[in-house]
Amino acid sequence: MPTLFKNKLLSQKYDLYFETGTAGGRSSKIALNLGFKKVFSCDIVKLKNKHLLDYENFFYENSDSVSFLKKHLKNLNQESVFFLDAHPNDFQPKDWPIWDELGLILDHHIKNHFIIIDDYDIISSKFPKKLETIISNSNKGYNFIGYSFNRFIDVLVAEPEPFIHDFIKVR
Ligand SMILES: C[S@@+](CC[C@H](N)C(=O)[O-])C[C@H]1O[C@@H](n2cnc3c(N)ncnc32)[C@H](O)[C@@H]1O
């Protein structure tokens, strides 16, 4: 979860945070400190930062992101935050799990989850506006905000109404 979301409004509005691609757990830790009631995160690589497992509301799964999302979406009955960041270390977004991940989330019966997609610059350089189109086709009420930490837009936030982004501070 990008640093700019260190604003508690997000965890006040949503109880549950799902992240694909835990890596070292940097973003999961931010989500835990933000105060989400439960933080679920998965990676195909085993978690090295075992310290995170000390948090009783942290649920790590050594799993691919598609299996992880299928499993959790089946029982999910509340609007939640999804941070999608599972990908190999390459510049081939065509083969990244993001497309299947997004398909699963958008097919869910709840049509207004809060979706954060990392590496937007890489994805949109190959597929301009494709993420926005797919998401809008599912729910026209989404608002899109791009955040930049370097020169490019690194993160795309797809925010359902009612919006809280005015209150999220950009650093
Ligand atoms: C850029 S890192 C994630 C960084 C992390 N989200 C953070 O904010 O610190 C991408 C991670 O995705 C994982 N990954 C790659 N393919 C995956 C897949 N199909 N399912 C789950 N994780 C995957 C990699 O092992 C890697 O740890």
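Modeller: Let's begin with what a contact is: two residues are in contact if their C-beta atoms, placed from the backbone, lie within 7 Å. Keep in mind that this is a predicted model. With that in hand, take I117: setting aside its neighbours within four places in sequence, I117 is in contact with L84, I98, L131, V155 and L156. I117 also belongs to the largest nonpolar core, which has 38 residues. Y17, F82, L84, I115, I116 and I117 are the ones in that core that touch the most other members. As a general point, nonpolar side chains in soluble globular proteins tend to be buried together.

One of the contacts of I117, I98, leads us to helix α4, which covers residues 98–107. Which residues of α4 are buried? They are I98, E101, L102 and I105. Looking down the axis of α4, these buried residues fall within an arc of 95°, so they line one face of the helix. What lies over them includes the strands β1, β4 (81–84) and β5 (114–117), along with the helices α3 (65–74), α5 (120–126) and α6 (130–138).

I98 also turns up among the contacts of P93, a residue that touches I98, I122, I123, K126 and F127 once residues up to four places away in sequence are left out. You'll find P93 in the loop between β4 and α4.

Over in the loop between α5 and α6 is K129. K129 has a positive phi of about 65° although it is not a glycine, and K129 is exposed, with 10 other C-beta atoms within 10 Å.

A23 is another non-glycine residue with a positive phi, of about 50°, and its place is the loop between β1 and α2. Having 16 C-beta neighbours inside 10 Å, A23 counts as partly exposed. A23 also brings us to the ligand: of the 18 residues around the ligand, G21, A23, R26, S27 and A86 come nearest. The elements giving two or more residues to that shell are β1 (16–20), α2 (26–34) and β2 (38–43). By type, the shell splits into seven nonpolar, six polar and five charged residues.

Notes
Residues are numbered from 1 along each chain as its sequence is written. This is a predicted model: local features need pLDDT of at least 70, side-chain atom pairs count only at pLDDT 80 or more; totals for chains, interfaces and linings use all residues. A nonpolar core is a set of buried Ala, Val, Leu, Ile, Met, Phe, Trp, Tyr and Cys residues joined through C-beta atoms within 7 Å. A residue is buried if 20 or more other C-beta atoms lie within 10 Å of its own, exposed if 12 or fewer, and partly exposed in between; C-beta atoms are placed from the backbone. A residue is near a molecule or strand if its C-beta atom, placed from the backbone, lies within 6 Å of it. Helices (H or I, at least four residues) and strands (E, at least two) are DSSP runs, numbered from the N terminus. Ala, Val, Leu, Ile, Met, Phe, Trp, Tyr, Cys and Pro count as nonpolar, Asp, Glu, Lys and Arg as charged, and the others, Gly among them, as polar. The arc is that of the directions from the helix axis to the C-beta atoms.
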